[in-house]
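Hi,

Here is the structure I promised to pass on. Please have it open while you read my notes below.

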Amino acid sequence: MPLTRLSEEEEIFRSTVRDFAEERVRPRVAEMERDAAQPPDLLSELFELGLMGIEIPEELGGAGASFFMSILAIEEISRVDPALAVPVDIQNTLMANLFMRWGNEEQRNQYLPRLARDTLGSYALSEANSGSDAFALQTRAVRDGKVYRLSGRKHWISNAQEAGLFVVFANADPEAGHRGITAFILERDMPGFVVGRKEDKLGVRASSTCELVLDEVEVPEANVLGEVGQGYKVAIETLNEGRIGIGAQMLGLAEGALEGALAYSGERKAFGQRIGDFQAVQHLLAECATDVETTRLHVYNAARVRDAGLPCVREGAMAKLVASRVAESVASRCVDVYGGVGVTKECLAEKYLRDAKVAQIYEGTTFMQLNTIAKILQRDG
Ligand SMILES: Cc1cc2nc3c(=O)[nH]c(=O)nc-3n(C[C@H](O)[C@H](O)[C@H](O)COP(=O)(O)OP(=O)(O)OC[C@H]3O[C@@H](n4cnc5c(N)ncnc54)[C@H](O)[C@@H]3O)c2cc1C
């Protein structure tokens, strides 16, 4: 069976998300890009359609589907708007995953239904001086009886402007180094917790990326996610799977860019013929299509490996590495197909190119993916 062949259920799901993306998202992409914001009603529609709790069990309000289905949803939304895919990606591949894997029964029962129903989540690990070197984080959690007091600043936190729930990584025992890092569940309205400045970015502009300021935020000990001192494991394991989601985002982006360029090549005329009749343009499009298919194989394989319960660190890192490079390169070549109009806001070609760049940075830079792959290569051959 070809790896990219979908089951009937997956096919139906894909076409439902595609219809939603075409009918409800596409008409609003320009507005979201102009305002650098995601309209609350569109985010609500994502919840109503069941796209924000795809893997969450049905008894907890989710769709009870597979990780692979989340990947299909991220791909299809990204095909039309890679920025709107950010909340879909974080909610499914990081937030739901965090609570399903590391939450105790009470936390699962309390938070998973909210994540599936109406509450956007944010994953807060990075700081101004700790991105790749994530475990050098400086946010501190000081125990005070039955609570922890969290102080520090987080940077680059996606969804922060719209989120109601945050998982914040802080060090509860700095002398223990990374073995002091602990994951805490925070509510937006906790005293001392402020969502700060929003970044003005090159791409995925409608997706909010903000600073978080924590000033002695009192967090009950019941809000520790996983064990105290195990936060580094919580972070690594969720990000390993999250990278497959970024792969899917970039796969969808490359597909969207290519579809646009292919259609344009059939309309635009030069030297008395369609530009798509020039072999140079045909070859450009053929190479892009081949790169997209290579990416699909990586991303789908990584997701299927994850669903089979097998280790997927290498597969996830490779999927993200390949997809983020292909997305930038396909989007850039597609701009070429449009000629001058390709660098204007008249078509989406330039937006796809700008949206692609960040995938080589977030959830681990390209060099960090190569470090991971190299380490596994040296260990396993
Ligand atoms: C739009 C956006 C959204 C984000 N969303 C989130 C979020 O929701 N939650 C969150 O916690 N974080 C988020 N991040 C942060 C993101 O994960 C970090 O930016 C990323 O990990 C890189 O860290 P840095 O920016 O500090 O760069 P640095 O770590 O300073 O890296 C700078 C350069 O040095 C290289 N480098 C560093 N260390 C090594 C090494 N050991 N080997 C080889 N090269 C190395 C890097 O590859 C890079 O080229 C987001 C970032 C962006 C831009």
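**Two helix pairs**

The axes of α7 and helix α8 (residues 279-307) come within 9 Å of each other and cross at roughly 155°. Axes here are lines fitted to C-alpha atoms, for helices over the stretch in contact, with angles running from 0 to 180 degrees between N-to-C directions. Helices (H or I, at least four residues) and strands (E, at least two) are DSSP runs, numbered from the N terminus. Before going on, a word on the source: this is a predicted model, in which local features need pLDDT of at least 70 and side-chain atom pairs count only at pLDDT 80 or more, while totals for chains, interfaces and linings use all residues. Residues are numbered from 1 along each chain as its sequence is written.

On the α7 side the contact includes I244, A248, L251, A254 and L258, and on the α8 side V292, T295 and V299 are among the residues involved. Contact means C-beta atoms, placed from the backbone, within 7 Å. By class, the residues of this contact are 15 nonpolar, four polar and four charged (Ala, Val, Leu, Ile, Met, Phe, Trp, Tyr, Cys and Pro count as nonpolar, Asp, Glu, Lys and Arg as charged, and the others, Gly among them, as polar).

Helices α5 (residues 85-102) and α6 (residues 105-117) also have axes that come within 9 Å, crossing at roughly 160°. That makes α5 roughly antiparallel to α6. This crossing is left-handed too. Q91, M95, A96, F99 and M100 of α5 meet Q107, R108, Y111, L112 and L115 of α6, a set of seven nonpolar, two polar and one charged residues.

**The core**

Which residues touch the most other members of the largest nonpolar core? They are F184 and A254, in a core of 115 residues. Helix α7 (residues 231-265) gives the most to this core, with 15 residues. Such a core is a set of buried Ala, Val, Leu, Ile, Met, Phe, Trp, Tyr and Cys residues joined through C-beta atoms within 7 Å. Buried means 20 or more other C-beta atoms within 10 Å of a residue's own, exposed means 12 or fewer, and partly exposed lies in between. Leaving aside residues up to four places away in sequence, A254 touches V292, T295, V326, A327, V330 and A331.

Helix α10 (residues 349-357) is mostly covered, with seven of its nine residues buried. Those buried residues pack against α2 (29-35), α7 and α9 (313-338).

Most residues other than glycine have a negative phi. W156, in strand β3 (residues 147-158), has a positive phi of about 65°. W156 counts as buried, with 20 C-beta neighbours inside 10 Å. E363 also has a positive phi, of about 55°, and sits in the loop between α10 and α11 (366-380). E363 is buried as well, with 28 C-beta neighbours inside 10 Å.

Happy browsing!

Note on methods: Two residues are in contact if their C-beta atoms, placed from the backbone, lie within 7 Å. Angles under 35 degrees count as roughly parallel, over 145 as roughly antiparallel, 65 to 115 as roughly perpendicular and the rest as oblique. A crossing is left-handed if the near helix is turned anticlockwise from the far one by less than a right angle, and right-handed if clockwise.
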